[in-house]
Amino acid sequence: MALIRTIQIDPATRLGVWKIGEEEGFFRERVNIDPGVHHPHKRLQHFAGRYLLVELFPDLPVHEIRVLDSRKPYIPGNPYYFSISHCGDFAAAIVSTREHVGIDIENVQPKIGRVAHKFLAEREQQFISGIRKLEHQTVCWSAKEAVYKWYGLGGLDFKANMQLQAFPLQQTGMLVCDFLKEDKMACLNMQYIIDNNLCLAWTAGENKQPNEP
């Protein structure tokens, strides 16, 4: 259908959300790649995500994208850092020429609440809103998924390696994630939006020292 949201985070970083209403041929006219995906809707999501990258940064060489064993897409020797997420008929992407980024888009749905104990530490569960519990849990899940993509190497424990500082739930808000792993320690600034039962979360910057939990 169209690019329904864009955010210019800073001069070097931009994100967008696309509502997919087109056929595959629409995207192939501009991003004619072989995605290696057989499921029709997943292939459509794949094309929409790549198309969105070029919408955000027209010079991004989408045909040079490669995928690590951890499934993180990247462009060898290129100055673009990017992350893509899909959910139903939506594709989201963030691109930066400054530093590593991560993005995630999710439906607010009961299954996230059912597995919240698997990705939220006890300290994190204590600050979850009692009134809007599922939305708050979804923001936490989406934020950690975005951090997972920011890191890009896999092998993360969602409780131990990604610890969210307490934050109040709002329709649009900010939060901080302490990333604690042997090979990397960082304090990530994050933002999120909840709109029409969708949650969008992203990180586009880090401080150099993590805050103590």
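This is a predicted model: local features need pLDDT of at least 70, side-chain atom pairs count only at pLDDT 80 or more; totals for chains, interfaces and linings use all residues.
Let's start at Arg 71, which is exposed, with a relative accessible area of 71%.

**The chain as a whole**

- Along its principal axes, the C-alpha trace spans about 50 × 35 × 30 Å.
- Of the 213 residues in the chain, 52% are buried.
- What share of the contacts between residues at least 6 apart in sequence join residues at least 24 apart? The share is 50%.
- The chain exposes about 10,500 Å², and carbon and sulfur atoms supply 50% of that area.
- There are 24 positive and 25 negative side chains, and the centres of these two sets lie 3 Å apart.

**The annotated stretch**

- An unreviewed UniProt entry carries the annotation "domain: 4'-phosphopantetheinyl transferase" for residues 101–196.
- In the model, this span of residues 101–196 is 33% helix and 32% strand.
- The end C-alpha atoms of residues 101–196 lie 24 Å apart.

- Arg 71, where we began, has a phi near 80 degrees, which is a positive value in a residue other than glycine.
- Where does Arg 71 lie? You can find Arg 71 in the loop between strand S3 (66–67) and strand S4 (73–74).
- Asn 196 also has a positive phi, near 50 degrees, and is likewise a residue other than glycine.
- The loop that holds Asn 196 runs between strand S10 (184–195) and strand S11 (198–207).
- Is Asn 196 buried or exposed? With 69% relative accessibility, Asn 196 counts as exposed.

**An exposed loop residue between two helices**

- Asp 34 sits in the loop between helix H1 (24–28) and helix H2 (40–56).
- The relative accessible area of Asp 34 is 73%, so Asp 34 is exposed.
- Asp 34 and Phe 47 are 13 residues apart along the chain, and 9.3 Å separates their C-alpha atoms.

- Thr 13 is part of strand S2 (residues 13–19).
- With a relative accessibility of 0%, Thr 13 counts as buried.
- Not counting residues up to four places away in sequence, Thr 13 touches several partners, including Ile 94, Val 95, Ser 96 and Ala 204.
- Between Thr 13 and Ile 128 there are 30 Å from C-alpha to C-alpha, and the two are 115 residues apart in sequence.
- Ala 93 lies in strand S6 (residues 90–96).
- Ala 93 is buried too, and its relative accessible area is 0%.
- Which residues are in contact with Ala 93, leaving aside its neighbours within four places in sequence? Among them are Arg 14, Leu 15 and Gly 16, as well as Leu 52, Leu 53 and Leu 56.
- Met 185 is 92 residues from Ala 93 along the chain, and the C-alpha atoms of the two are separated by 25 Å.

- Lys 181 lies in strand S9 (residues 172–181).
- Is Lys 181 buried or exposed? The relative accessibility of Lys 181 is 16%, and the cut-off for buried is under 20%, so Lys 181 counts as buried.
- Setting aside neighbours within four places in sequence, Lys 181 is in contact with Tyr 151, Gly 155, Leu 156 and Asn 161.
- Leu 198 has its place in strand S11.
- With a relative accessible area of 13%, Leu 198 is buried.
- Beyond residues up to four places away in sequence, Leu 198 touches Cys 87, Phe 90, Ile 105, Glu 106, Asn 107 and Ile 193.
- Leu 198 and Leu 52 are 146 residues apart in sequence, while their C-alpha atoms are 18 Å apart in space.

Definitions and conventions
Residues are numbered from 1 along each chain as its sequence is written. Side-chain values use heavy atoms; hydrogens and water are left out. Buried means under 20% relative accessible area, exposed over 50%, partly exposed in between (1.4 Å probe, protein chains only). Contact means heavy atoms within 4.5 Å. Accessible areas come from the Shrake-Rupley method with a 1.4 Å probe; for residues, only the protein chains shown count as cover. Lys and Arg count as positive and Asp and Glu as negative; His and the chain ends are not counted. The place of a charge is taken as NZ of Lys, CZ of Arg, CG of Asp or CD of Glu. UniProt positions are given in the numbering used here, feature names are shortened, and annotations may be inferred rather than shown by experiment. Helices (H or I, at least four residues) and strands (E, at least two) are DSSP runs, numbered from the N terminus.
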